[in-house]
Amino acid sequence: MKHTLIHLNTSPYANLACKEGLDLALVLATFEQAVDLCISGAALALLTDNQQPTAEHGKNLHKLLAGLEFYDIENLYIEKANTWLKDSNIWPGAKPLEETEWQALFSQYQQVFRF
Amino acid sequence: MQYTLLITGSPYQTKACHSGLRFIKAALSKYPDSIKGVFFYEDAVLIGSQIAQPPRDEINLMKAWQDIAQQHNVPLYLCIAAAVRRGIINDTESRRYELEQHTLAEHFQLEGLGTLVDLMNTTNKIIQFR
C-alpha cells in the first residue's frame, strides 16, 4: 500500500482547493489507504478556533478536523516555526514539526498531492 | 512503468492541462503503454465542457485531449463531485437533477475519487499537474 501525504497550502476561504484536498484525504482513508495531512501557508487558517463562516464563505472546514480520527487519519503536521499559531487558539490535534523534520517529511511518502 | 496523471489546475487560470498534454504526448510517443489514465480534479474538470468555445486562433485544449483518448485509448476521468458542482454533467446526472441538457464532452467520463484510488494502487507513479 502506498503512503500518501496531502499538503494543503491554500486558504480555506480563497477557493475550493482546501475542501477538495480534504475530500481526497477522506476518500483515501475510506478506502483504507494510509494518508497523512500537512498544512502550511494560507491553509493554516483552517486550524484556528472560533471560525463562524457564513454560507458565502463556504463550508466550515474547521469542524471537519474533529472527525479525522474516525477516518483513522491520525497525523496532521504543521511547521513549528509558525509562531503566530498559539497553542491555545488552534485545533489541538495538529502536530508541530521542527524545520528539519518538516523538510524531511515530504520524502517519507510514496506520493504527495498539493492543494 | 505506467503513470497516472492527476490534473488539478484550471484550464483557464493555469497551464496544468497544457503541461499535462505535453507530458502525455511525449510519454506516449516513446512508450505507447505508459499511461494508465488521466484523472481531472478541482477546476481541471472544466476541460470536459463540450460547450466551451475557444477562439479559433488558439489551441482547442478539450479537443486535443479528446484526440489523445481516441488515438491512444487512454481513459479521461473527471471527478464527478467536482464536475457536477461546476456544471459539467453527463446524461445520467442530467436526468438525476431533472435538467434538460448535459455538458460533458465525448471521450470524458465522470467517476468518483475511488477510481483515482484504484489508479494509485495499480500504477507505478502518479504525477500531479496544478
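K19(A) is buried, with a relative accessible area of 15%, and in this predicted model its side chain meets that of D23(A) in a salt bridge of 2.7 Å, N to O. D23(A), at 23% relative accessibility, counts as partly exposed. Over all chains the structure holds seven salt bridges, while the count between chain A and chain B is one.

**Interface between the chains**

- In the contact between the two chains, 17 residues of chain A face 19 residues of chain B, and together the chains bury about 1,500 Å², of which 58% is on carbon and sulfur atoms.
- K2(A), E20(A) and F113(A) supply 34% of the area that chain A buries against chain B, which is more than any other three residues supply.
- Eight residue pairs, both members at pLDDT 80 or more, are in polar contact between chain A and chain B.
- On the side of chain A that touches chain B, the elements giving two or more residues are α1 and β5 (111-114) of chain A, and α1(A) gives the most, with eight residues.
- By class, that side of chain A has nine nonpolar, three polar and five charged residues.

**Nonpolar cores**

- The largest nonpolar core has 72 residues, and F40(B) and W65(B) are those with the most contacts inside it.
- Helix α1 (residues 17-30) of chain A contributes the largest share of this core, namely eight residues.
- Apart from this core lies another, of seven residues, among them L5(A), C38(A), Y77(A) and L105(A).
- When residues up to four places away in sequence are not counted, F40(B) touches I7(B), C17(B), V45(B), I47(B), W65(B), L76(B), Y77(B), L78(B), C79(B) and F108(B).

**W65(B) in helix α2**

- W65(B) lies in helix α2 (residues 61-72) of chain B and is buried, with a relative accessible area of 0%.
- Leaving aside neighbours within four places in sequence, the contacts of W65(B) include L5(B), I7(B), G20(B), L21(B), I24(B), V38(B), F40(B) and F108(B).
- A polar atom of the W65(B) side chain lies 3.3 Å from the backbone oxygen of C17(B).
- W65(B) and V38(B) are 27 residues apart along the chain, and their C-alpha atoms are separated by 9.9 Å.

**Two buried polar residues**

- T4(A) is found in strand β1 (residues 3-8) of chain A and counts as buried, at 1% relative accessibility.
- The side chains of T4(A) and Q111(A) are joined by a polar contact of 3.1 Å.
- Beyond neighbours within four places in sequence, T4(A) is in contact with L28(A), A34(A), V35(A), D36(A), Y109(A), Q111(A) and F113(A).
- N90(B) is found in the loop between α3 (80-85) and α4 (91-96) of chain B, and with a relative accessible area of 18% N90(B) counts as buried because it falls under the 20% limit.
- The N90(B) side chain reaches the backbone nitrogen of E93(B) at 2.8 Å, and, leaving aside neighbours within four places in sequence, N90(B) is in contact with H102(B), L104(B) and L110(B).

**Charged pairs within helices**

- D23(A) and K19(A) are separated by about one helical turn, because they are four residues apart in helix α1 of chain A.
- R95(B) forms a salt bridge with D91(B), the closest N and O atoms being 2.8 Å apart, and both lie in helix α4 of chain B, four residues apart, about one turn of the helix.
- R95(B) counts as exposed at 55% relative accessibility, whereas D91(B) counts as partly exposed at 37%.
- The side chains of E93(B) and R96(B) meet in a salt bridge of 2.8 Å, N to O, and because these residues are three apart in helix α4 of chain B, about one helical turn separates them.
- E93(B) counts as buried at 5% relative accessibility, whereas R96(B) counts as exposed at 55%.

Technical notes:
Residues are numbered from 1 along each chain as its sequence is written. Chains are lettered from A and ligands numbered from 1 in the order in which they are written. This is a predicted model: local features need pLDDT of at least 70, side-chain atom pairs count only at pLDDT 80 or more; totals for chains, interfaces and linings use all residues. Side-chain values use heavy atoms; hydrogens and water are left out. A nonpolar core is a set of buried Ala, Val, Leu, Ile, Met, Phe, Trp, Tyr and Cys residues joined through side-chain atoms within 4.5 Å. Buried means under 20% relative accessible area, exposed over 50%, partly exposed in between (1.4 Å probe, protein chains only). Contact means heavy atoms within 4.5 Å. Buried area is the accessible area (1.4 Å probe) that two parts lose on being put together, summed over both. A salt bridge is a side-chain nitrogen of Lys or Arg within 4 Å of a carboxyl oxygen of Asp or Glu. A polar contact is a pair of N or O atoms within 3.5 Å; within protein, one must be able to donate a hydrogen and the other to accept it, and residues adjacent in sequence count only if both atoms are side-chain atoms. Ala, Val, Leu, Ile, Met, Phe, Trp, Tyr, Cys and Pro count as nonpolar, Asp, Glu, Lys and Arg as charged, and the others, Gly among them, as polar.
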